[in-house]
Amino acid sequence: MSKLNKLKILPLVGMAFLLTGCWDNVELNERHVILELAIDKNLSFNEKMPINKQKAYKLTYCIPDMKKLSGQESLGDEVKSNITIEAASIAASIDEIETKTQDTVTFSHTKALILGEEILKDRKLFQGTIETLTRDMAISRNTMILATHGEAGELTKGDNPQNPLVGMYVMKYFNNRERPVSYAKGQFLGSVIKELNDTSITTLPLIVKNQEDTLQIKGGALIKDYELVGWLDQEVMRGQLFIEGKIKGVPLVVDYKGDNLTYTIKDEKSKISFDNKGGEWKARIKLTSVGDISEYFTLNKDAALSSERIEEVKQLLEREVKNEVLKAIATSKTLNVDFLNIGLEMYRKHPNQWKEYQSNWQTTGYKNFPIEIEPTIIIQNTGAIQ
Amino acid sequence: MFSHNGKISVSQVKILLILQMFNTGILLLPKTAAHIVGREGYVLPIIALVFGVAYVYGIVGLTEHFKGETLVEFTPKIVPKGIAFIIIWAFAIKLIITAGLELRMFAEMISRVMLPKTPLAVILLSMLLVSAYLVKSGIEATARMAEVLIYFIFIPLIIVILFIVFKADYKQLMPFFQVQPLAIGKGAFLISLSFMPIEFMLMLTGLMEKPEKAKRATLVALVIMSVIEVIVILVTFVGIGVEESKRQLWPVITLMQSAQFLGAFVENQEILMMTCWVFSIFMYVSSGIYFVSLIGSRVCQFKRENVFVLPIIPLLFFVAMLPRNLAQVYLYYMNFQYYMGVWFLLPIPLILLIITRIKKVGGKYE
């Protein structure tokens, strides 16, 4: 090889050393991966201070000890450490948390955002929170977002026997495709933003600690115009899920001739249509559920399932579905908040008709709008043949 | 494929044009479409095709009179040399400004999504120097690179889109047929400006092995690009919603961020889109540098085409660094595209074509 060629190789070798990594890289094990972030309103902030000094936010960052989590030895005592920061803005809290942590904080794997009750009641703070979370792309729009009673920080700080990290718990909860979808509607940050853009109304799944001190996700927080309207119980949430066609793996228990009969819905579909018979517009919600009779035992031989009796059971189950959905409709009409998206469906399917309702939908229009439920139950498997 | 004869094939032209059109505009497209006509924005690229076909007929109609010649050679045959000089240099300046702003938008995006701590100048210079290296080897090398990169750009993109379409909310597109025809017309014209790289055909036709197939190649690239644009707008609308498409600066990146992958172990998937798009910007900037360099060489009648490649780098860098911030570069980019984008797409080629036919100059009449 000539001298010139050797000289040409030198810069190439040099480049191989220089271009193999970032000059300011931070190794993964030198990062604090924030798996859950609890956002609360700081109730003790001083309103007399200038607005940029008012520490209106109270954020609790949960920093997991990755070594401990993966079963390795670690200098830390706990599997997670919680740091609460009071700050004037979310960005300012990140700046402050960096002064309290040994490693760089990262949100690239954040699994859950939990919002406390007070921040949900404060329209400006809540809207500001959503705006900030989506402004830069630090937090993924696929992050689950949940609401809780009281302070979200207190919920994340507490122990949870199944999984000490609430973020991991939430991720596993909603990623589990075999879990029945029945009591809470999972929401991503992105889907909440989409719903708020479409109708100004959304529901957030509710995460609470129950009496046994374990985490439970059921029910929801009803939000309208970035403000908490009220809490929805699990039955209302189930009605909403029925109307959205998202019910899956849900058992329905009915009293059939004095014995419990359980029908498990494997899959459910919903179709909302509108018709105008007799000069009055009404919504017609067709709900088709497919499932099996998963539990039925009777000592009464006359009550054993025959084809005629299966028809009776179907009618009984259809009444049960109808009652559950009517509960959700009644709640939405009492609160006068169309979280079932009847108005949105009307706008999408009958935009000209919607113009007549649009102006008074939020005052009297929705409250007085007739909605009919037409459930259909398909029993695929009775579990026994007679 | 031809070897080292400075000519490119018909399929290479198609690929080059597709990649050049798949530039920053594609990331902003759903935002523009949503702003103008709302949820029916996906129809705009189809109607924009009408404008696109007019651009193709104007440009290729002109160049097919002068086989083997570029704008530099045939313009002085059509108009007086002074005017020809102005037209040629105006085209070169336009290419420099467009490529510079494109480069800056690219750097802003990379800085925001991938390299927040890296200075903009470093990102810009890296891209410029790599592009210059490619361009140094001429149009054949650029075309061959495009042939390789097209797979790296579109295969990951198709995979990501497939993940989105199965979970998308198609009701976002309802109600249908609610938009005013006037808004559609205005929107289609604006969207047609995303076909701006067609103007490269003023130079590229002269470098084709079979220039008689230039019109067909450009039309095919145009139709493919329209279909890609329709898909990108549709998927963005059903993925993140029409209102969010209006609000977000980079709705396509937001869409990629919203995509859910099975098992949820893949995160930060927007990087996939960024990677595809970096290749595409690379092709656009390379072409910009190449054609400006080619104009310089041919005007000065230099034998080598790449003499001006390195001197152009500081010019592009200067244009890219001129805007003070993202808001300003966005404003400059949109305004430049809106006010200056169309000139070399239709009015100038059309005027030159009319004069060509009146004066009966060019190969067809000689």
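## Where the chains meet

In this predicted model, 17 residues from chain A and 17 residues from chain B make up the contact (C-beta atoms, placed from the backbone, within 7 Å). On the side of chain A that touches chain B, α8 (189–199) and α11 (342–349) each supply at least two residues; helices are DSSP runs of H or I with at least four residues, strands are E runs of at least two, and both are numbered from the N terminus. The most comes from α8(A), with 5 residues.

That side of chain A divides into 4 nonpolar, 7 polar and 6 charged residues. Here Ala, Val, Leu, Ile, Met, Phe, Trp, Tyr, Cys and Pro count as nonpolar, Asp, Glu, Lys and Arg as charged, and the others, Gly among them, as polar.

## Chain A overall

Chain A has 13 helices and 14 strands. Of its 386 residues, 35% are buried (20 or more other C-beta atoms within 10 Å of the residue's own, C-beta atoms being placed from the backbone).

## A helix in chain B

Now for α1(B): 10 of its 12 residues are buried, among them Gln12(B), Val13(B) and Met21(B). The cover for these buried residues includes α7 (139–165), α9 (201–204), α10 (214–240) and α13 (270–299) of chain B.

## Reading notes

Residues are numbered from 1 along each chain as its sequence is written, while chains are lettered from A and ligands numbered from 1 in the order in which they are written. Local features need pLDDT of at least 70 and side-chain atom pairs count only at pLDDT 80 or more, whereas totals for chains, interfaces and linings use all residues.

How values were computed:
Two residues are in contact if their C-beta atoms, placed from the backbone, lie within 7 Å.
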